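Please work through each task before reading its solution.

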Amino acid sequence: MAPLINDFTPAKDWDNANFVHPWEGMEDIGNNSRTFAESAHGIYITTETGAKLLDGPAGMWCMQLGYGNGEIADAMAEQARSLAYFSPFNNSNSASARLAHEIAQRTPGDLNRVFFTTGGSTAVDTALRFIWFRNNVLGRPEKKRIISRQKAYHGSTHLAASVSGKERDKGWLDQMDIAHFLPNVNPFVRPNGMSIDTFLDEKIADLENAILELGPDTVAAFIAEPVLASGGVIVPPKGYHKRCLEICRKYDVLYISDEVVTGFGRLGHWFASEDEFGIVPDIITCAKGMTAGYAPMGACIISDALIDSISGDASQGATFSNGYTFSGHPVSAAAALKTIEIFDRDNLLDHVQSIAPLFQSRLRSLMDLPIVVDARGVGLVGAIECSLGGTGAEKLERDYVVGGRIDARCQELGLLVRPIINMCVFSPPLISTEDEINKIFDLLEQGVRLATQDLKADGLM
Ligand SMILES: Cc1ncc(COP(=O)(O)O)c(C=O)c1O
């Protein structure tokens, strides 16, 4: 299909003059030269110059079924024609009700109550508001503190950002003082000589000590991504989530599993909480892959037990005054229903499980490259962490260069990666074939080698 605008000069100008992007760096605002994604098919996007790039991060970890999926497009168009909108405050709609039912069929335990949101941040926001609301209804308004973790990312609403623990994002924006942050759970940063088991014991003790120090009567919930995604694909030691849940149960602290990235197939399961990590949390938040990236939507999925504890005679007449104009939007619901149908029909979860070992072994073989100091991941998500050596401020300065350099070289070679400081993360569309996985890693390896040469030439290593 021909691009909408053949001459990209005005679009580039409009982008700089009028489009404020997420995480906009104020030093460069108005002077950026972003790559424009103009069309896409399968796992490739085409840029404004006609370059074809393999989409390593699947958009923003969301394009589970790749691009140009006619079945989803048709389902959305049909829904838009028959009913483009209903007010979830006053009415309901069969597409959205059916989606809630289909999701409840796939969640662990009694996680059967689906509150639709507009994305991941609003799903987390809703989870926090619900937990606070419940404690108000239960007559314990002081039980409000949230325990989160360093490197966690839970979103960009004020509440979700306030429980996010990425240091770099805290510098210039205010956070509310609602959360306590546990130390990094990345086994890679454990002290030299410490075993994984000892590290795990330490991380569990961090949680228990925090609850005891804050006082169990003041702690409402623990929030955790099963795999800390944008914090650098951090996979906690085996058994971590189970033991955290046990601690939470011991002190009547609720467990929110933020599956915005891990939900909908990324790890080869509908949800990773139980199937990969053996836990049934109290709340699961999800978004992104839920519509395969074709429409904005998220969900805060709450257990029957939580709802039942404050409903009917126990409700005190309370109303959960939280919601969005677009909660359960029917066009998004149609995209999500079609996504679920395709996952089932094409056995996509099995496919992910069958290609994940190749993905993970190719990922780990990148450790042979001199600047790669760690390669980690699970399912179809992975990251490499690089180091150019040095210590303190000097190391930090170099770290900030390396991800961008790899990204630049990979783009020249036809691969999009997502650089995060000294890391590159990738989470390709779930439909990727073995050949495509091999291609991703062939290109990445080449990109890292070329970037290493550049860095040497520039005297940065
Ligand atoms: C784990 C997690 N939670 C929440 C969010 C926020 O989702 P959204 O950007 O859809 O608001 C993200 C986004 O990357 C995420 O990775």
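**Exercise 1.** State how many aromatic pairs the structure holds, and classify the pair formed by the rings of Tyr85 and Phe326.

*Solution.* The structure, a predicted model, holds 13 aromatic pairs. A pair of aromatic rings is described by the distance of the centres and the angle of the planes. For Tyr85 and Phe326, the centres are 6.0 Å apart and the planes stand at 85°. Planes over 60 degrees apart count as edge-to-face, so the Tyr85 and Phe326 pair is edge-to-face.

Next, locate the two residues. Tyr85 belongs to the loop between α3 (70–82) and α4 (94–106), and Phe326 to the loop between α10 (304–309) and α11 (330–345). The pair therefore ties together parts that are 241 residues apart in sequence.

Finally, consider accessibility. Tyr85 has a relative accessible area of 33% and is partly exposed; Phe326, with 47%, is likewise partly exposed.

**Exercise 2.** Determine the geometry of the Phe426 and Phe441 pair, and decide whether Phe426 is buried or exposed.

*Solution.* The ring centres of Phe426 and Phe441 lie 5.7 Å apart with the planes at 90°, so this pair is edge-to-face. It links distant parts of the chain: Phe426 is in strand β15 (residues 423–426) and Phe441 in helix α14 (residues 434–457), 15 residues apart.

Buried means under 20% relative accessible area. Phe426 has 1% relative accessibility and so counts as buried. Phe441 is also buried, its relative accessible area being 0%.

**Exercise 3.** Identify the charged ends that sit over the rings of Tyr44 and Phe181, and name the residues that form an aromatic cluster with Phe115.

*Solution.* Over the ring of Tyr44 sits the charged end of Lys52, 4.5 Å from the ring centre. Over the ring of Phe181 sits the charged end of Lys170, 3.6 Å from the ring centre. Phe115 forms one aromatic cluster with Phe130, Phe133 and Phe320.

**Exercise 4.** Describe the surroundings of the ligand and its contacts with polar side-chain atoms of Ser121, Asp258 and Lys288.

*Solution.* Begin with the shell. The residues surrounding the ligand include Gly119, Gly120, Tyr153, His154 and Glu225. By class, the shell has 3 nonpolar, 5 polar and 3 charged residues.

Then examine the contacts. A polar side-chain atom of Asp258 lies 2.7 Å from a ligand nitrogen atom. Taken alone, the ligand exposes 380 Å², of which the protein buries 82%.

Conventions:
Residues numbered from 1 in each chain as written. Predicted model: local features only at pLDDT ≥ 70, side-chain atom pairs only at ≥ 80, totals over all residues. Heavy atoms only, no water. Near = heavy atom within 4 Å. Polar contact = N/O pair within 3.5 Å; in protein donor to acceptor, adjacent residues only side chain to side chain. Areas by Shrake-Rupley, 256 points an atom, 1.4 Å probe, with all protein chains shown as cover. Nonpolar A, V, L, I, M, F, W, Y, C, P; charged D, E, K, R; others polar. Phe/Tyr/Trp six-rings, centres within 6.5 Å; stacked < 30°, edge-to-face > 60°. Helix = DSSP H or I, 4+ residues; strand = E, 2+ residues; numbered from the N terminus. Buried < 20%, exposed > 50% of the residue type's maximum accessible area, 1.4 Å probe, protein only. Lys NZ or Arg CZ within 6 Å of the ring centre and 35° of its normal.
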